[in-house]
Amino acid sequence: MSINVEYWGSAFSDRKSLADLYNNIKADAKILKRIISNLPVGSSVRQIATLYNNINAHYVSNYGARVEEIYSTQPWLKGSKK
């Protein structure tokens, strides 16, 4: 993941800190945790991803739908032993 600093500003860290992979992932986890904690239980990946990309969204975005598609197909597991 990569935090859009233009969108989120320094709410979760500054640009220099976010260049560090560990700090970037930690900040992403904070964003997702806050989004998920403010949604009804069972909210979809598409809803969460939409809000990650635009916290003011009222409808699922193309981005949210694409993230859900990737999540549902789990391409990172292709070729690995299950």
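1. Arg-46 and Glu-68 form a salt bridge in which the closest N and O atoms are 2.6 Å apart; the term denotes a side-chain nitrogen of Lys or Arg within 4 Å of a carboxyl oxygen of Asp or Glu. The pair links distant parts of the chain, with Arg-46 in helix α4 and Glu-68 in helix α5, 22 residues apart. Helices (H or I, at least four residues) and strands (E, at least two) are DSSP runs, numbered from the N terminus. A search of the whole structure finds one salt bridge. Side chains of opposite charge can pair when their charged atoms come close.

2. On the basis of the values: this is a predicted model, in which local features need pLDDT of at least 70 and side-chain atom pairs count only at pLDDT 80 or more, while totals for chains, interfaces and linings use all residues. Residues are numbered from 1 along each chain as its sequence is written, and side-chain values use heavy atoms, with hydrogens and water left out.

3. Buried means under 20% relative accessible area, exposed over 50%, and partly exposed in between (1.4 Å probe, protein chains only).

4. Thr-50 is located in helix α4 and is buried because its relative accessibility is 4%. Leaving aside neighbours within four places in sequence, Thr-50 is in contact (heavy atoms within 4.5 Å) with Ala-57, Tyr-59, Val-60, Ser-61 and Gly-64. A polar atom of the Thr-50 side chain lies 3.1 Å from the backbone nitrogen of Ser-61.

5. Ala-57 belongs to the loop between α4 (45-53) and α5 (62-73). With 22% relative accessibility, Ala-57 counts as partly exposed. Not counting residues up to four places away in sequence, Ala-57 touches Thr-50 and Leu-51. Ala-57 and Gln-47 are ten residues apart in sequence, and their C-alpha atoms are 9.3 Å apart in space.

6. The structure holds one aromatic pair. Tyr-71 and Trp-76 form this pair, which is tilted, at 6.4 Å centre to centre and 45° between the planes. Rings of Phe, Tyr and Trp (its six-membered ring) pair if their centres lie within 6.5 Å; planes under 30 degrees apart count as stacked, over 60 as edge-to-face and the rest as tilted. Tyr-71 is partly exposed, with a relative accessible area of 46%, whereas Trp-76 counts as exposed at 53% relative accessibility.

Definitions and conventions: A polar contact is a pair of N or O atoms within 3.5 Å; within protein, one must be able to donate a hydrogen and the other to accept it, and residues adjacent in sequence count only if both atoms are side-chain atoms.
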